[in-house]
Amino acid sequence: MSTFEVKEEFYLDGKPVKLLSGAVHYFRLVKEYWEDCLYNLKAMGFNTVETYIPWNIHEPEEGIFDFDGNKDVECFVRLAGELGLHVILRPSPFICAEWEFGGLPPWLLRYGDMKVRTNTPLFLGKVEAYYKELFRRIAPLQATCGGPVIMMQVENEYGSFGNDKEYLRAIKRLMEENGAQVPLFTSDGAWDAALEAGSLIEDGMLATANFGSRSGENLDVLEAFFRRNGRRWPLMCMEFWDGWFNRWKEKIITRDPADLAMEVAELLKRASINLYMFQGGTNFGFYNGCSARGYTDLPQITSYNYDALMTEWGEPTAKFYQVRQVVRKMFPHLKTMEPRDRKRIAYGQAVPTGQVSLFSCVDSLAECQKSAVPLSMEEAGSGYGYMFYRTHVRGYNKKMKVKAVQASDRVQYYLNRVFEGTHYQNNSGEELELYFKEDNELALLVENMGRVNYGYKLQAPTQKKGIRTGVMVDIHFESGWEQYALDFKNIEELDFSGDWIRDTPSFYRYEFQAEECADTFLNCRELGKGVAFINGFNLGRYWSEGPVQYLYIPAPLLKKGRNEIIIFETEGRIADTLTLEEQPVYVDVG
């Protein structure tokens, strides 16, 4: 058992300590690679690892909890401790982290009067039920119980969302009632309004700041904030942004390694640090988040490489070596080591073995739900992936106008199984003029491209996905809908025996052989838009718009011998073969 205290400095077992921390998200790495990542953090001379805990992966359905496999946060924390690392946990209901809905579970949206991140009984009641299960697992891992966890965060950058101190106190109370004993802290942007709104400094809780440049200036702001409130506390940047995240259709954002090393050295003269990120990892499945710029949503890409010190696939970068050199120079007593890297293989071509249209196989993937008006994604299923809607429309052998009213995020229209057009959230109310025969099948495929993870839109109606109001033909709403919630958790049950229909959303199956299992990259250049699966595991989204045109495949997802890739392609692009390469593939955009 050890003690960790926040006084004028951080104290570990009665001795001053500077925290050299790096952010690692266990949920963005396969479990088999946690040790390599944590070892490399230790090899850089750092003594601490920090991680968020996303609510939505651990309670995917209300009252149903999942802490297995890549979600086994207990195993991750224990492993860090075994490697000699301290752990900072951020078990906030909201995490941001460029993660879908900022970590909030979409089933919250089934409650019409739900106000997330507020001091309301409905929201806090859901947090309380989650915390009872979560803290049963993480409370015994605290330093007070002999574990490696030395601090925990209350909420996350709340000063960029609200200023309700009673809400912050309610979250703090729930954490403590469920066993939190180590020092608690808040983290916010390094400016006065955010620090004041998001902290509980008046209650004696440590405040930390988030920034990625102008270290001296930002630490001055934090220090002045402490002085005004009569506090003498250690300075810490809880998120020192060493890179940045990326969005579809935008250029990859990078940062000069020498500039990063210089800023890190400047910061460490006065403060403790948590590098965000040490290794970014991957937004597997449908967990990528979304930025909001005014009325426009900007979904983030599957790769969370972040231009971090370790790549998405665990390769040390120039940033790693330059920051390690800073550590060696400033803290020569700390042990550093050579980092680990892993083998990558180009497996060559995967050959096609099957194809089927969504129209022909949808009943093998989801239950048909019938209703008078379209159901939203949250009403019909898990809230992730796609919704497929269809109805029969009487026509008069002439053109009529069609539009989906309040649909999110991306709508593709099919009349009698012929593609007619694509709309996005910001123009989903626009009309299409289509020719209707006497009897017609009207179908719409709606994709949830990722809920926002930051800002006011967390409360916006657009976070409910699918069709929220209805579909109009002529000037009336059509009734009598069939719909299918497609999150593809059962992709291995897909029936390939049906018809393939050109230019419709379709599934394509490929196979390749692996004599040994190593990391590889699926080249997506020949594909349009959709998601890919390796041996049943959802690798995430691809899109020809770039900037990336690959999906990373970690070796533990492969099998010796035959491996199966399934592509769900929504744009009608057909790849005669797919290629597995040893390097990622990019495309210039902008």
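1. Contact here means heavy atoms within 4.5 Å, and by that criterion 34 residues of domain 1 touch 22 residues of domain 3. The structure is a predicted model, in which local features need pLDDT of at least 70 and side-chain atom pairs count only at pLDDT 80 or more, while totals for chains, interfaces and linings use all residues. Residues are numbered from 1 along each chain as its sequence is written, and side-chain values use heavy atoms, with hydrogens and water left out.

2. The division into domains, whose bounds come from an automatic or database domain assignment, gives domain 1 (2-328), domain 2 (346-354 + 490-579) and domain 3 (372-478). Taken over C-alpha atoms, the centres of domain 1 and domain 3 are separated by 37 Å.

3. Between domain 1 and domain 3 about 2,400 Å² is buried, with carbon and sulfur atoms giving 55% of that area; buried area is the accessible area (1.4 Å probe) that two parts lose on being put together, summed over both. On the domain 1 side, Phe101, Leu109 and Phe286 supply 22% of the area buried against domain 3, more than any other three residues.

4. The polar side of this interface comprises 15 residue pairs in polar contact, both residues being at pLDDT 80 or more. A polar contact is a pair of N or O atoms within 3.5 Å; within protein, one must be able to donate a hydrogen and the other to accept it, and residues adjacent in sequence count only if both atoms are side-chain atoms. Strand E12 (290-293) and strand E13 (296-299) each supply at least two residues of the side of domain 1 that touches domain 3, strands and helices being DSSP runs numbered from the N terminus (helices H or I, at least four residues; strands E, at least two). The residues of that side divide into 16 nonpolar, 10 polar and 8 charged, where Ala, Val, Leu, Ile, Met, Phe, Trp, Tyr, Cys and Pro count as nonpolar, Asp, Glu, Lys and Arg as charged, and the others, Gly among them, as polar.

5. A salt bridge is a side-chain nitrogen of Lys or Arg within 4 Å of a carboxyl oxygen of Asp or Glu; the rule gives 47 of them by count, and it finds 2 across the interface of domain 1 and domain 3. Lysine 457 and aspartate 297 meet through their side chains at 2.7 Å, N to O. Glutamate 100 and arginine 451 form another such pair, with their closest N and O atoms 2.8 Å apart. Glutamate 100 sits in the loop between strand E6 (86-90) and helix H4 (121-138), and arginine 451 in the loop between strand E21 (439-447) and E22, 351 residues apart.

6. An open antiparallel sheet of 4 strands runs in the order E20-E17-E22-E23, two strands being paired if DSSP finds at least two bridges between them. Strand E20 (432-436) and strand E23 (476-477) stand at the edges with a single partner strand each, so one side of each is left without a neighbour in the sheet. Strand E22 (residues 466-473) pairs with E23 over 2 bridges, and valine 473 has histidine 476 in E23 as its bridge partner.

7. Some backbone geometry deserves a check. The peptide bond from tyrosine 276 to methionine 277 is cis, with omega near 5°, and methionine 277 lies in strand E11 (residues 272-279). Serine 408 and aspartate 409 are also joined by a cis peptide bond, omega being about 5°. Glutamate 98, although not a glycine, has a positive phi of about 55°, and its place is in the loop between E6 and H4.
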